[in-house]
Amino acid sequence: MTAHLLTGVLPYGEDPTDILVLDGAIAATGPEAAATAPADVVRHDLSGLVALPGLVDIHTHLREPGGESAETVYSGTRAAAVGGYTAVFAMANTSPVQDNAGVVEQVLRLGREAGWVDVHPVGAVSAGLEGKHLSEMSAMAHSEARVRVFSDDGKCVSDPVLMRRALEYVKSFDGVIAQHSQDPRLTEGSQMHEGVLSAELGLRGWPAVAEESIIARDALLAGHVGSRLHVCHVSTAGSVEIIRWAKARGIDVTAEVTPHHLLLTDEMARTYSPIYKVNPPLRTAEDVAALREALADGTIDVVGTDHAPHPVEDKDCEWQAGAFGMTGLETALPVLIETMVNPGAMTWRDLARVMSSAPARIGRLEDQGQGLEVGAPANITVLDPQVRRTVDGAAQWTHSTNTPYQGMELPGQVLATFLHGRPTVLEGRPVSQEA
Ligand SMILES: NC(=O)N[C@@H](CC(=O)O)C(=O)O
Ligand SMILES: [Zn+2]
Ligand SMILES: [Zn+2]
């Protein structure tokens, strides 16, 4: 395997050093890196650029099988690599659903063939995402895909008995239930955040309580059975309070926030453009402030993109008819720099925690999220935090164009990504994996 020498990088934005990548691992840093490099090492001058451990996305929709008009495993994982990711958890709401060993192994294989990032299929909680009976959880856990994260994401596991059983069941293989917290009865026909603005715009509201009541219930259930709960895409200040309370009680709960909920508000609905239609909906400025604070203080553990590509026809329509979801893999890091790092709310080390090590731990990954120490697997992303770029959906690598940041200027660009010692991105562009 080719050796790579990354010269002049700033690990976690700190002191400059060289990093030697050899046989898929970080072999040496500092003066030793160049001194011990083999003669045929490939040198990359990355002076002054920030190096972070490869990012891990706990919440990605790759859409394959079944949704190839929006994304494929290939296009989605290539977009992930360009965004600085080295691993993604692929959500189960595909067609057929990832609710058995055969489908999760198919997604695993497609991910390996593509070679852009490590793909970890999420298993559905219920058969067919129907919320009635448990899926083949154990078969998925013990399959080659080694599934540890289970979710009906897109739908809420609303039946408390089924949720309790799922929480109990995953304990035997150290799994976690990742819940899409949305009470279905309280959100029938909902279009946007329920508040002053939904009344003004005449769009049916999605109340905060529909999220918060499910989180409270699930936290109590997880505590009761002594299991692990992960809360997907937390979007309200009230949810943050409940999670803080649950953690203080010692309940094993982790929480995730999306980049879009850290930056955008329900005000975007004034455009009536379904590009801003997402589940859970964009909330108020007060909610955004509470989410940022919770991410900084550790109440919210991770950033998950909830990358949700949709074909043009499902977004180029009136609000009511539009699909829920927005793309996010190629803009997550820029949005986090804009909302958390540049304002001084988080350091690069904090960012590495919420975008790499914590999601790897929640998903029980062994070869991701270990940092930039000698001996760690060489999963590395190198970015220029100074450059500012205007987002253009048509120029992104994802197959879909439903980015909510179209035309916005955001800081930061990933210039290089290394996956197990092999470059997947150089000079900001994907490196052909054909060789
Ligand atoms: N976030 C969304 O608005 N949509 C997601 C489903 C989900 O994450 O709940 C999708 O699959 O399109
Ligand atoms: Zn969801
Ligand atoms: Zn999702």
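Q: Which residue does UniProt list for "active site"?
A: Asp306, according to an unreviewed UniProt entry. Keep in mind that the model here is a predicted one.

Q: OK, and where is Asp306 found?
A: In the loop that runs between strand 15 (302-303) and helix 11 (332-341).

Q: Is Asp306 buried or exposed?
A: Buried, because Asp306 has 29 C-beta neighbours inside 10 Å, and 20 or more is enough to count as buried.

Q: What is Asp306 in contact with, leaving aside neighbours within four places in sequence?
A: His59, His233, Thr258 and Gly328.

Q: Switching to the ligand: which residues are around ligand 1?
A: Asp306 is one of them.

Q: Zooming out, how is the protein divided into domains?
A: Domain 1 takes in 4-50 + 376-430, and domain 2 covers 54-362. Their centres, taken over C-alpha atoms, are 26 Å apart.

Q: And how many residues does each domain bring to the contact?
A: Domain 1 brings 28 residues and domain 2 brings 39.

Q: Which strands supply the domain 1 side?
A: Strand 16 (380-390), strand 17 (409-419) and strand 18 (422-426) each give at least two residues. Strand 17 has the largest share, with six residues.

Q: What classes are on that side of domain 1?
A: It has 15 nonpolar and 13 polar residues, and no charged ones.

Key: Residues numbered from 1 in each chain as written. Chains lettered and ligands numbered in written order. Predicted model: local features only at pLDDT ≥ 70, side-chain atom pairs only at ≥ 80, totals over all residues. Near = placed C-beta within 6 Å. UniProt positions renumbered as here; feature names shortened; annotations may be inferred. Helix = DSSP H or I, 4+ residues; strand = E, 2+ residues; numbered from the N terminus. Buried ≥ 20, exposed ≤ 12 C-beta atoms within 10 Å, placed from the backbone. Contact = placed C-beta atoms within 7 Å. Domains from an automatic or database assignment. Nonpolar A, V, L, I, M, F, W, Y, C, P; charged D, E, K, R; others polar.
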